[in-house]
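Welcome, and thanks for taking a look at this one.

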Amino acid sequence: MIITRAQDAYIVDEHNHKYIDTSMGSGSQIIGHGNILSQQIAKQINHGTIYSIPNHHTKIVSRLLKDYITPKLSNSYIFCSSGTEANMRAIRLARAYTQKEKIGRFHGGWHGGIDGFIESQGVPVSTEQNIQILPYNEDICFSMLTPELAAVIIEPIQGSNPQSGIGSFLKKLEKECKSKGILLITDEILTGFRLAKGGGCELFGLCPDIVTFGKVLGGGFPIGVVGAKEEIIRTPNVFYGGTFSANPLSMFAAKKILEDITINESENSLINYKKLNYLGEYFRKDLNTFFMDNNHSMRVYGCGSINRIIFSDKPVRNRKERDSLETKNQKGFYELLLKEGLFVNTNGIINLSMCHMKVMDKMIHKIKKIVNEIRI
Ligand SMILES: Cc1ncc(COP(=O)(O)O)c(C=O)c1O
């Protein structure tokens, strides 16, 4: 599918077909496509789009991040242009600070296209040997946290099986890491500025050693950010640069997003977490009631505005269990949904935006219609 334009909760393809979008720029466009903020940000183009020299917006972004989002971390942040880059820098920083090389990551997690984190041709075996894959949401993982690990990286909510009841697992992980001298990196690329102002860390009461942000913070422009505790970010001789890092367009966008959710926060904010989280609850409750009442072996999992349909009625603890239980042809289901005018991206993640309030009942109706047709 080739998209030619997008507005509010809709995308339009080259054949002029209009779809409700549930990807929303892989979770970036939380306000909606073509929103007021994007239009204001576009004005910055007239002042130059790239200087590769520090700009005045960055100072304000750092101050807002420190004051409102990560008060326990340093006021120095590393800026880059994507979530993948942010995680790569976070891992480099953790390795430099601890002088250890091995990184733990969780099965079913996604941290971007980083060598050693993906199953792909072209990744050196030596890179993979420096990564330890841990079982997600299973206590057995704690015995695998050995002091040879520099850091463990985790998304507060995994897009592959978004679970809101993950808080006690995350808190235990934080405690175990601390006691074993392993840094905790929370990857808030998807959850940051989405689940709450302070992302998953606010929701679950976490205080990581290093945190990464991206997506929503860029207001539709490319961004990645690393924050860390003071003593960690001060590690000398660690490289972070990049031509587009902290470019004025992305920094202006981040400033606008942060201002909207902090100093200008009100009932009328462009991003309203109460409304977004209510929307997620509504979506899950309505569909799960329908699935249960009609004996469909499907459930919607989610936390806040992050959702995923799981093709099983059995409880799913993690991605491994999901894969073993999901037997139905989901591709066929999503193809029919597309024909019905509802787009779900290949990763299956349904990211709701402020604009989905207007289309929520339509979305639910389309899903029910297809489920009834193919009787899962
Ligand atoms: C949790 C998480 N981490 C990292 C990334 C990678 O970010 P990007 O695609 O901006 O490189 C993503 C993107 O989907 C993500 O969801």
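**The sheet at a glance**

Seven strands form an open sheet with mixed pairing, in the order S4-S10-S9-S8-S7-S5-S6. Strand S4 (78–80) and strand S6 (131–134) are at the edges with a single partner strand each, so one side of each has no neighbour in the sheet. From one strand to the next, the twist averages 20°. Please keep in mind that this is a predicted model.

**Strand pairing**

- Strand S9 (residues 210–213) and strand S10 (residues 224–228) run antiparallel and are joined by four bridges.
- Within that pair, Thr212 has Val226 in S10 as its bridge partner.

**Helices on the sheet**

- Helix H4 packs on the sheet, where H4 touches S4, strand S5 (102–106), S7, strand S8 (183–187), S9 and S10.
- The direction of H4 makes about 25° with that of S10.
- Helix H6 also packs on the sheet, touching S7 and S8, and the direction of H6 makes about 145° with that of S8.

**A closer look at S5**

- S5 is mostly covered, with four of its five residues buried.
- On one hand, S5 pairs with S7 in the parallel sense over four bridges, and Gly104 stands opposite Val152 in S7.
- On the other, S5 pairs with S6 in the parallel sense, again over four bridges, and here Phe106 stands opposite Leu134 in S6.

**Around the ligand**

- The ligand is surrounded by 14 residues, and the closest are Ser82, Gly83, Thr84, Gly112 and Ile189.
- By class, the shell around the ligand holds nine polar, three nonpolar and two charged residues.
- Which helix gives the most to this shell? That is helix H4 (residues 83–98), which supplies three residues; H4 is also the helix that touches S4 and S10 in the sheet.

**Ile166, a loop residue**

- Ile166 sits in the loop between strand S7 (149–154) and helix H6 (167–180).
- Is Ile166 buried or exposed? Ile166 counts as buried because 24 C-beta neighbours lie inside 10 Å, and the cut-off for buried is 20 or more.
- Leaving aside residues up to four places away in sequence, Ile166 touches Asn137 and Ile157.
- Val359 is 193 residues from Ile166 in sequence, and the two are 29 Å apart in space, C-alpha to C-alpha.

Key. Residues numbered from 1 in each chain as written. Predicted model: local features only at pLDDT ≥ 70, side-chain atom pairs only at ≥ 80, totals over all residues. Near = placed C-beta within 6 Å. Helix = DSSP H or I, 4+ residues; strand = E, 2+ residues; numbered from the N terminus. Nonpolar A, V, L, I, M, F, W, Y, C, P; charged D, E, K, R; others polar. Buried ≥ 20, exposed ≤ 12 C-beta atoms within 10 Å, placed from the backbone. Contact = placed C-beta atoms within 7 Å. Pairing = 2+ DSSP bridges. Axes fitted to C-alpha atoms, helices over the stretch in contact; angles between N-to-C directions.
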